[in-house]
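User: Could you take a close look at the charged side chains for me, and walk me through how they pair up? I would like one connected account.

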Amino acid sequence: MTEEIVQPSNLEAEGKHADIWWLFKEAQQNILYLNKQRLLVIEELEKANSEKQLLLGQIEQFQLANQAVDGRSNGTDRLSILWELLHRIDSMVLTRKVNIEEASHWRRLIVDSKVSIADVFSDVLDQRDSELLEKLRHFADGSKRNGFHIVQICTEMEPLVYVGSLASYVTGLSCALQRKGHIVEVILPKYASLNLAEVQGLREIGAEFYSYYNGQLHGNRIWTGIVCGIGVTLIEPIFFSSFFSREKIYGYSDDFERFAYFSRAALDYLVKAGKKPDVLHIHNWQTSIVGPLFWDIFVKQGLEGAKILLTCHDLNSQCLEQPDKLALSGLEPARLHRPDRFQDNARASLVNLLKGGIVFSNKVVIISSMHSKGRIIRNFSYGLEPTLATHKDKLLIAPSGFDNSTWDPFQDKFLPENYSADDLEGKAACKVALQQHVGLPQDASIALVGWIYQEVSDIDLKTLKTVVQSITHGGGQLILARIDKMTNQDGASESFIKDLKDENVRFIDGYDEALSHLIFAGSDIILCQSFEDPTLQVPMKALKYGAAPVVLSSSNDRSRHVVDPDHDISEYSQFIKSTFENISLKQALDEMRSNPFKWKRKMADAMDKDFSWDAETCDIHISAYAALKNL
């Protein structure tokens with residue numbers, strides 16, 4: 001039998017065929033896998049591209065939303081460079097590296113220049129005095145004069161130091177004036193309690209500076225910096241260091257001596273630094289002595305072009321003193337202790353500092369949001385009626401204001417949703433957010449009333465119970481908030497919480513910046529002590545946020561329901577008198593519930609009004625400055 005033999009060539013062919021088929025199958029699987037991976041990558045790329053477009057859109061919206069804020073920030077940066085430059089010039093004058101005439105010329109060119117100072121002197125901080133001097137001497141691009149140079153000599157400035165309405169007024173007005181092309185600088189005492197963290201570029205000028213007091217020259221340290229874009233100079237006495245190293249700002253037996261020293265030092269500094277302002281703007285009795293010092297001593301020492309404007313924030317605070325104390329600052333008591341000058345109208349043996357300031361100022365601005373000049377002279381002059389009547393032609397009445405860069409629902413960073421007079425949808429969201437924050441039932445249709453107060457003593461328990469009944473009877477809600485940031489938590493509010501328990505009432509005790517903004521935004525009605533509120537500015541802020549300001553009347557409130565025969569009242573007063581002055585809380589609630597469309601239109605109209613520092617208040621002061629230059 002013949003054995004069958006398999007040829008090697010056939011075996012090899014079959015093996016190769018199997019290998020090829022296996023390689024083909026493996027390649028096919030790899031292709032399918034790679035194709036699947038390619039599809040996944042494409043899907044991821046499309047998703048990433050979609051997310052990128054969404055992010056770009058959000059960035060664009062963010063940039064648009066912050067455009068106004070960025071504009072203000074850039075403006076503040078430019079002002080900071082300008083003030084750094086002006087302060088360097090002051091320092092070089094005090095250290096005698098330049099003369100007064102050359103420095104004065106530079107200041108005017110800088111203030112009036114059409115060229116961007118920030119571009120020309122952007123490296124001012126990095127340059128030595130010699131380098132800066134060379135650049136200044138090549139800087140000859142002046143421009144036609146179109147703005148005023150105002151120096152405010154004062155005792156308060158927010159956020160450095162604040163006790164009353166003066167602090168917000170100085171900062172608010174100064175910022176508004178600078179936004180309109182004027183240059184404002186502020187001179188303050190260097191209190192130990194100053195919030196120096198708010199001062200940009202604070203530095204001491206390394207030069208000896210002496211001022212006159214009580215027959216001698218006394219040394220002072222001079223500090224300069226920038227606050228809210230405003231150039232600030234701080235005067236620190238060396239020998240009389242205790243004058244401003246105390247816990248409080250006012251309320252000491254030697255307040256006259258303290259502020260007489262400061263007022264004289266401020267004028268000595270202006271002369272020594274070679275400054276030539278258009279206006280010396282002084283405030284209240286504390287710096288009223290600047291008036292006679294200017295006319296008797298300083299007007300012939302380089303300040304010939306200046307005039308005096310006095311602002312009175314409180315006519316009831318006048319400072320009566322013995323006449324001989326006027327000599328401490330270099331004045332002649334016998335010449336000033338006269339009925340037509342400093343002599344008090346009721347106590348003839350004393351001098352009245354505020355009266356003297358009124359007499360020796362070229363213009364006097366009385367801050368009053370609601371009253372006319374005539375009514376102030378007749379009813380709110382506190383013994384100064386003869387003086388005010390004699391000088392009535394130089395009296396002006398200006399309302400207070402508020403900072404609309406911080407208090408504006410359209411760009412308020414503290415609100416969950418912004419809104420405006422043209423689109424009030426966000427206000428409802430703010431109400432719900434406020435209700436949620438304080439633990440009230442969340443319903444945008446519920447009438448929500450905010451009661452803003454400064455001290456617990458401002459609230460009468462009987463009145464509070466009546467208010468609560470009026471609000472809750474119709475299903476409304478009430479939030480009481482003490483928003484005074486000058487004091488800490490007040491335990492006296494606990495008594496109100498114990499005496500009045502209601503599920504629709506909440507007490508907020510202690511200042512909270514974010515919550516205070518939310519209360520204005522979330523409330524339909526804001527209760528306030530008075531429409532004349534220069535310190536907290538509650539009624540003006542309420543109007544801006546679309547909440548009706550309602551003043552609670554009391555037997556002691558004689559200022560309401562009085563017909564003022566004079567027509568020279570502020571635009572704010574005219575608006576309040578035609579809208580909210582005589583509306584009770586009950587009437588406001590009834591109108592809101594019975595005619596919501598009319599109510600919203602009324603609130604939108606109120607929001608459209610501008611009662612900020614930039615509006616009427618600033619315009620009145622600019623008119624006053626212009627009138628001074630024509631005297």
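Analyst: D90, E185 and K275 are linked in a network of salt bridges, where a salt bridge is a side-chain nitrogen of Lys or Arg within 4 Å of a carboxyl oxygen of Asp or Glu. This is a predicted model, in which local features need pLDDT of at least 70 and side-chain atom pairs count only at pLDDT 80 or more, while totals for chains, interfaces and linings use all residues. Residues are numbered from 1 along each chain as its sequence is written, and side-chain values use heavy atoms, with hydrogens and water left out.

Helices (H or I, at least four residues) and strands (E, at least two) are DSSP runs, numbered from the N terminus. K275 counts as buried because its relative accessibility is 3%, and E185 is buried too, at 2%. Here buried means under 20% relative accessible area, exposed over 50%, and partly exposed in between (1.4 Å probe, protein chains only).

Let's stay with the loop between α7 and β6. D278 meets K629 in a salt bridge of 3.3 Å, N to O. Those partners are 351 residues apart, with K629 in helix α21 (residues 613–629) and D278 in that loop. D278 is buried, with a relative accessible area of 3%, whereas K629 is partly exposed at 33%.

Another pair joins two helices. D296 and R335 form a salt bridge whose closest N and O atoms are 2.2 Å apart. D296 belongs to helix α8 (residues 290–298) and R335 to helix α9 (residues 333–336), 39 residues apart. Both D296, at 34% relative accessibility, and R335, at 28%, count as partly exposed. By the salt-bridge rule, the count comes to 18.

On the surface, E417, D422, D423, E425 and D608 gather in a patch of negative charge. Patches are made of residues with over 30% relative accessible area and no salt bridge, with like charges joined within 9 Å. D422 counts as exposed because its relative accessible area is 76%.

Conventions
Patches are made of residues with over 30% relative accessible area and no salt bridge: like charges are joined within 9 Å, nonpolar side chains (Val, Leu, Ile, Met, Phe, Trp, Tyr) within 5 Å. Accessible areas come from the Shrake-Rupley method with a 1.4 Å probe; for residues, only the protein chains shown count as cover. Lys and Arg count as positive and Asp and Glu as negative; His and the chain ends are not counted. The place of a charge is taken as NZ of Lys, CZ of Arg, CG of Asp or CD of Glu.
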